[in-house]
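Here is a short tour of one protein chain. Keep the sequence and the 3D view side by side as you read.

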Amino acid sequence: MDALASLPSCLEESRIGSLPADAFYIKDFISPEEEQALLEKIEAAPKPRWKSLAHRRLQTWPSDLTKSNTLLESALPNWLLEPVVTRLLSLQTSTKTNDHIFSVSPHGAPNHVLINEYKPSQGIMPHRDGSAYHPVVCTVSLGSSITLDIYDTKEDGTRENEPKYRIFQEPRSLLITTGKLYTDFLHGISENDQDTNLSPESVSNWDLLASPEKITNGTWQRATRTSLTYRDVIKVSKLGNKFGIFRKR
Ligand SMILES: O=C(O)CCC(=O)C(=O)O
């Protein structure tokens, strides 16, 4: 399928209406060929690029943030910009404006990408993304589907035990979360080899899925899923470029 042909004419068409503001889900945001090319680039990255954590592997582009949550200025490699960022910035937020989802972010575009790889039974603890980033998160999924759990907090500020919402992320999809969903809620991925109890009632973006029929008896058997998380780091230091630390020769 041609990913460009299936893009919505504006983000509003892809709003996950049953979630607190704001979340958007775009199925088939990239094509199978683009997905394959991204997976090959990720695999081809030098071994030290991978950080092995207890429950997943991680690559950080262009680099880790400093202790003061600052990014040393350096461009993202072209393979992380094309086609994802170009396509993302071409999506108008509504038909009434030319704005895109990063129009009011400090740099007008994402400048940082985390690549997380989850094998079956791997996940990420519920967390908030914090103040280092402008509050817009764009996640492209590769390889397999996975369920993102969204947690509310109790009055005492601690996290609820059970997720309040669930978002099913299919390969090649784009999920955008922002607003209250970024600031007030926590998100995480459970450490299971399958996602269960999936249904139109329990999955907030069910109506927007590409292939809900692939979920059998409410169960998704996980395979390796890789995610690209695009964000705009607020504080950027010119030092990275000045000393040529990350500059390509
Ligand atoms: O892999 C995902 O979809 C979630 C990643 C995530 O929560 C993060 O990078 O903060």
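A residue is called buried if its relative accessible area is under 20%, exposed if over 50%, and partly exposed in between, using a 1.4 Å probe and protein chains only. By that rule Y165, with a relative accessible area of 18%, is buried. This is a predicted model, where local features need pLDDT of at least 70, side-chain atom pairs count only at pLDDT 80 or more, and totals for chains, interfaces and linings use all residues. Residues are numbered from 1 along each chain as its sequence is written, and side-chain values use heavy atoms, with hydrogens and water left out.

**Aromatic pairs**

Rings of Phe, Tyr and Trp (its six-membered ring) pair if their centres lie within 6.5 Å; planes under 30 degrees apart are stacked, over 60 edge-to-face, and the rest tilted. The structure holds three such pairs. One of them joins Y165 and F185 edge-to-face, 6.1 Å centre to centre, with 65 degrees between the planes. Helices (H or I, at least four residues) and strands (E, at least two) are DSSP runs, numbered from the N terminus. Y165 belongs to strand β9 (residues 165-169), while F185 is in the loop between α4 (180-183) and β11 (186-189), 20 residues apart. F185 is buried too, at 6% relative accessibility.

F168 and W220 form another edge-to-face pair, 5.9 Å centre to centre and 80 degrees between the planes. F168 is in strand β9 and W220 in strand β13 (residues 220-221), 52 residues apart. F168 is buried at 1% relative accessibility. W220 is buried at 15%.

**Helix α1**

How far apart are the end C-alpha atoms of helix α1? They are 18 Å apart. The expected span is 1.5 Å times one less than the number of residues. For the 13 residues of α1 (residues 32-44) that gives 18 Å, which agrees.

The buried residues of α1 are E35, L38 and I42. Seen down the axis of α1, they fall within an arc of 65 degrees, so they line one face of the helix. That arc is taken from the directions from the helix axis to the C-beta atoms. An α-helix has 3.6 residues a turn, so residues three or four places apart point the same way. On the other side of α1, E33, E43 and A44 are exposed. The buried residues pack against several elements, including β3 (57-61), α2 (78-81) and β14 (225-231); contact means heavy atoms within 4.5 Å.

**Salt bridges**

A salt bridge is a side-chain nitrogen of Lys or Arg within 4 Å of a carboxyl oxygen of Asp or Glu. The count comes to 13. Three of them are listed here.

| Salt bridge | Closest N to O |
|---|---|
| E117 and R57 | 3.0 Å |

E35 lies in helix α1 and R172 in the loop between β9 and β10 (174-178), so the pair ties together parts 137 residues apart in sequence. E35 is buried at 8% relative accessibility. R172 is buried at 18%. E117 is in strand β5 and R57 in strand β3, 60 residues apart. E117 is buried at 7%, whereas R57 is partly exposed at 22%. Salt bridges that share partners join E12, R15 and D22 into one network.
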